[in-house]
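I opened the model to look up a strand pairing, the sheet around it and the nonpolar cores. My entries follow.

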Amino acid sequence: MNTIGLLGGMSWESSMLYYQTINRVVRDANPSGDGLSSAPILLDSVNFAVIAKWMLEEDWKQISEYLTQHARALETAGAQVIGICTNTMHKVYDTIASSVSVPIIHIATPTIAELKAAGVTRAALLGTRFSMNDGFLHDVYATEGIELITPNKPQCEQIHNIIMNELCQGVTLKSSRAMYVDAISMLQQQGAQTVVLGCTEISLLLRSDDAELPMFDTADLHARALAAFCLG
């Protein structure tokens with residue numbers, strides 16, 4: 001099997017989901033024949049507090065340099081593929097990907113494939129305010145004919161704050177779930193055919209039956225794509 005390098009810790013709550021999903025996929029594929037297979041994984045769990053400070057300062061250059069160092073370390077340690085376990089940090093994906101010689105699977109790639117297979121051309125995007133407002137995810141989806149629409153500004157701020165102040169700290173509240181569902185309902189009225197959970201922590205809060213629209217969990221799909229590469 002190919003060795004996976006996970007650039008995680010952003011937050012570790014969702015990095016845990018990556019580890020579980022990848023290993024479950026590999027176990028179920030059963031390459032050893034005895035049901036005991038697990039994936040060769042190198043996990044670099046960075047200190048998110050440092051990155052969060054730079055995010056507040058809009059210092060993406062510092063973030064890019066920091067994550068590039070860690071991606072190179074994963075490659076040096078033997079990773080044959082890398083996954084950046086967060087949507088937001090894909091804002092600096094191009095810089096990181098160009099700094100290593102192994103492939104880095106973009107978090108949007110497997111989700112786009114699923115959306116296209118389902119015939120989706122307009123999807124609601126929930127994530128941090130950077131992911132929802134800065135356009136770097138919108139551009140990637142748009143190249144494949146998928147329009148992303150986002151909540152209004154006050155809702156975007158609420159969604160962002162719930163991610164940073166609750167979900168990244170392992171807190172899930174019914175009131176926050178209701179807020180997300182209300183935002184999805186408004187986006188459905190604007191023509192959204194589905195919901196892209198564009199933050200790797202949102203699946204900790206929302207269940208598939210919480211809203212009328214189908215949900216595509218970027219973290220789960222990303223982890224499965226990495227597991228497929230691992231299995232070769």
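The model is predicted, so I took local features only at pLDDT of at least 70 and side-chain atom pairs only at pLDDT 80 or more, while totals for chains, interfaces and linings use all residues. Numbering runs from 1 along each chain as its sequence is written, and side-chain values use heavy atoms, without hydrogens and water.

Strand E6 (residues 194-197) pairs with E7 in the parallel sense over 3 bridges; strands count as paired if DSSP finds at least two bridges between them. Helices (H or I, at least four residues) and strands (E, at least two) are DSSP runs, numbered from the N terminus. Helix H10 (residues 218-231) packs on the sheet and touches E6 and E7 (heavy atoms within 4.5 Å).

I then traced the sheet: 4 strands, open, parallel, in the order E5-E4-E6-E7. Strands E5 (147-149) and E7 (215-217) are at the edges with a single partner strand each, so one side of each has no neighbour in the sheet.

Next I checked the cores, meaning sets of buried (under 20% relative accessible area, 1.4 Å probe, protein chains only) Ala, Val, Leu, Ile, Met, Phe, Trp, Tyr and Cys residues joined through side-chain atoms within 4.5 Å. The largest has 65 residues, and Tyr180 is among those with the most contacts inside it. Helix H3 (residues 60-77) gives the largest share of this core, 6 residues. Another core, of 16 residues, lies apart from it and includes Cys85 and Leu226.

How values were computed. Axes fitted to C-alpha atoms, helices over the stretch in contact; angles between N-to-C directions. Buried < 20%, exposed > 50% of the residue type's maximum accessible area, 1.4 Å probe, protein only.
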